[in-house]
Amino acid sequence: DNLKLSAPLILSLFVSGSSEYIDGLIVKAKFNDMFFALFRYGAKELPILLIMANTFSAAMITPIAANLQNGLKEMKDRSAKLMHIFFPVSLALMLFSPVIYRYVFGENFVYSSIIFNVYLLLAIPRVLFPQTILTGMQQTRYLLVSSLLEIVINVSLSVYLAGKIGLPGIAAGTFIAYTFDKLFLMT
């Protein structure tokens, strides 16, 4: 019974965790090495948000499993606090990223700040936690389906948008795919 519940979780983490590598493969296939370096310098999320969101998600599974209504209320209140912290930080970084990139990495990597700004948009779906609710309700099979759809959308949109708008298109494909994942799980 535990394997039946955890197998979709393990597989979905493996599949959705591979998007960073897939994005790199798309850059290598469509662009030269100089563009790969520009992409890698920009393809960064806020690491503290990623850590806090994952930790928060894991911590909220037990309260949701114990009492769905109380757990949902607690999750809503606590996730709102995350939003109030990380949305303004992300916005400030978006505004100042060209200056930060020029100062930290040099003039040659200012273009990477555009990619970084698109990745900062991932703060929006990161603070949504439908996967936590589904895991608490032991409905993990949806997580695997959603992860598989996310990867297909990520690859197809990233390739398409890379042809239309260049490197930021790959980042946009990732953002759209990750947002779709959250919306699919909410539905």
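Axes here are lines fitted to C-alpha atoms, for helices over the stretch in contact, and angles run from 0 to 180 degrees between N-to-C directions. The model is a predicted one, in which local features need pLDDT of at least 70 and side-chain atom pairs count only at pLDDT 80 or more, while totals for chains, interfaces and linings use all residues. Residues are numbered from 1 along each chain as its sequence is written, and side-chain values use heavy atoms, with hydrogens and water left out.

**View 1. Packing of helix α4 (residues 47-66) against helix α5 (residues 68-104).** The axes of α4 and α5 come within 8 Å and cross at roughly 165°. Helices (H or I, at least four residues) and strands (E, at least two) are DSSP runs, numbered from the N terminus. α4 is therefore roughly antiparallel to α5; angles under 35 degrees count as roughly parallel, over 145 as roughly antiparallel, 65 to 115 as roughly perpendicular and the rest as oblique. α4 passes α5 in a right-handed crossing; a crossing is right-handed if the near helix is turned clockwise from the far one by less than a right angle, and left-handed if anticlockwise. From α4, the contact is made by Ile48, Leu49, Met52, Phe56, Met60, Pro63, Ile64 and Ala66. The α5 side consists of Leu68, Gly71, Leu72, Glu74, Met75, Arg78, Ser79, Leu82 and Phe86. Contact means heavy atoms within 4.5 Å. By class, the residues of this contact are 13 nonpolar, 2 polar and 2 charged. Ala, Val, Leu, Ile, Met, Phe, Trp, Tyr, Cys and Pro count as nonpolar, Asp, Glu, Lys and Arg as charged, and the others, Gly among them, as polar.

**View 2. Packing of helix α2 (residues 19-30) against helix α3 (residues 33-42).** The angle between α2 and α3 is about 150°, and their axes are 9 Å apart. The two helices are therefore roughly antiparallel. Their crossing is right-handed. Glu20, Asp23, Gly24, Val27 and Lys28 of α2 meet Asp33, Phe35, Phe36, Phe39 and Arg40 of α3. This contact divides into 4 nonpolar, 1 polar and 5 charged residues.

**View 3. Packing of helix α9 (residues 141-165) against helix α10 (residues 167-186).** α9 and α10 pack at an angle of about 155°, with 7 Å between their axes. They are therefore roughly antiparallel to each other. α9 passes α10 in a right-handed crossing. The contact of α9 with α10 has 19 nonpolar, 7 polar and 2 charged residues.

**View 4. The largest nonpolar core, with 21 residues.** A nonpolar core is a set of buried Ala, Val, Leu, Ile, Met, Phe, Trp, Tyr and Cys residues joined through side-chain atoms within 4.5 Å. Buried means under 20% relative accessible area, exposed over 50%, partly exposed in between (1.4 Å probe, protein chains only). Phe39, Ile115, Tyr119, Leu167 and Ile170 have the most contacts inside this core. At least two residues of the core come from each of α2, α3, α6, α9 and α10. α10 gives the most, with 6 residues. Leaving aside neighbours within four places in sequence, leucine 167 is in contact with Val27, Phe31, Phe35, Leu38, Phe39, Tyr111 and Ile115. Another core, of 15 residues, lies apart from this one and has Leu49, Ala53, Met60 and Ala123 among its members.

**View 5. Helix α6 (residues 112-120) and serine 112.** α6 is mostly covered, with 8 of its 9 residues buried. The buried residues are Ser112, Ser113, Ile115, Phe116, Asn117, Val118, Tyr119 and Leu120. Their cover includes α2, α3, α5, α7 (123-126) and α10. Serine 112 has a relative accessibility of 0% and so counts as buried. Not counting residues up to four places away in sequence, serine 112 touches Leu38, Tyr41, Gly42 and Tyr101.

**View 6. Tyrosine 111 in the loop between α5 and α6.** Tyrosine 111 is partly exposed, with a relative accessible area of 32%. Apart from residues up to four places away in sequence, tyrosine 111 touches Leu38, Ile165, Leu167 and Pro168. Tyrosine 111 and phenylalanine 35 are 76 residues apart in sequence and 9.9 Å apart in space, C-alpha to C-alpha.

**View 7. Glutamine 138 in the loop between α8 (130-136) and α9.** Although glutamine 138 is not a glycine, its phi is positive, at about 60°. Glutamine 138 is exposed, with a relative accessible area of 53%.
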